[in-house]
Amino acid sequence: MARREYRMTERAKARDETRERILAATMQLHDEQGVAATSFVDIAKRAGLGAATVYRHFETLGALVRACGEHVWAEMRPPLPDQAPGLFDAIAGRDARLRRLVEELDRFYARGALRLERAVADRDHVPELDQFLVAVETGVAFWVDYAAKDPEQPHGTPPTTIRRLLALTSFGVWLSMVRVGLGPEERVDLLAQVLACAMKPRS
């Protein structure tokens, strides 16, 4: 009985190792050439396995992308709603909270830049990528709304203002600043000032 259990444990270990090998190869290829452009044959070749083995572990592209997404999520550490109180509650003044928001989002976008860029490029072709990005954007939106709260406005920040803040704190805006050569401090200073202006009521 003990020998049988040992063999089952070894098989399970080998299965898990093969699965992780497939995921590692997949994420490497996604980083290099994008998600939609990566085939199961590409993955099998990179992992040193047969294509049938890849299909045995992941029957569809969606299943494979979801599994990779779990790893990517853990590496990127996207904004989560329950983190907002710890980040913003002890900071006095809305401008200071908005600056903290910009600092935290800048660090997040820097951590996940390549994977976010790849996901955005293929989100219309791979539903699981869209689902991943919606989850990321939901967390960012919660942080934005939380940081922008004004105790003197019992009904919350006006929706039009929130929409402006969301546009300005998007990954696309961050990427544009990086591409024109702005460093982290420049990005934070500029965006914090822009958000403060966006908070002002329009005449």
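Select residues 1-73, then 77-199: these are domain 1 and domain 2 of the protein chain, with bounds from an automatic or database domain assignment. The model is predicted; local features need pLDDT of at least 70 and side-chain atom pairs pLDDT 80 or more, while totals for chains, interfaces and linings use all residues. Numbering runs from 1 along each chain as its sequence is written, and side-chain values use heavy atoms, without hydrogens and water.

Domain 1 gives 15 residues and domain 2 gives 13. The domain centres, taken over C-alpha atoms, lie 33 Å apart.

Buried area is the accessible area (1.4 Å probe) lost when two parts are put together, summed over both. Select Asp31, Val72 and Trp73 next: they supply 51% of what domain 1 buries against domain 2, more than any other three residues.

The domains share 2 salt bridges in total (side-chain nitrogen of Lys or Arg within 4 Å of a carboxyl oxygen of Asp or Glu).

Finally, colour the helices (DSSP runs of H or I, at least four residues, numbered from the N terminus). Helix H1 (2-33) and helix H4 (61-76) are the elements giving two or more residues to the domain 1 side that touches domain 2.

Terms used:
Contact = heavy atoms within 4.5 Å.
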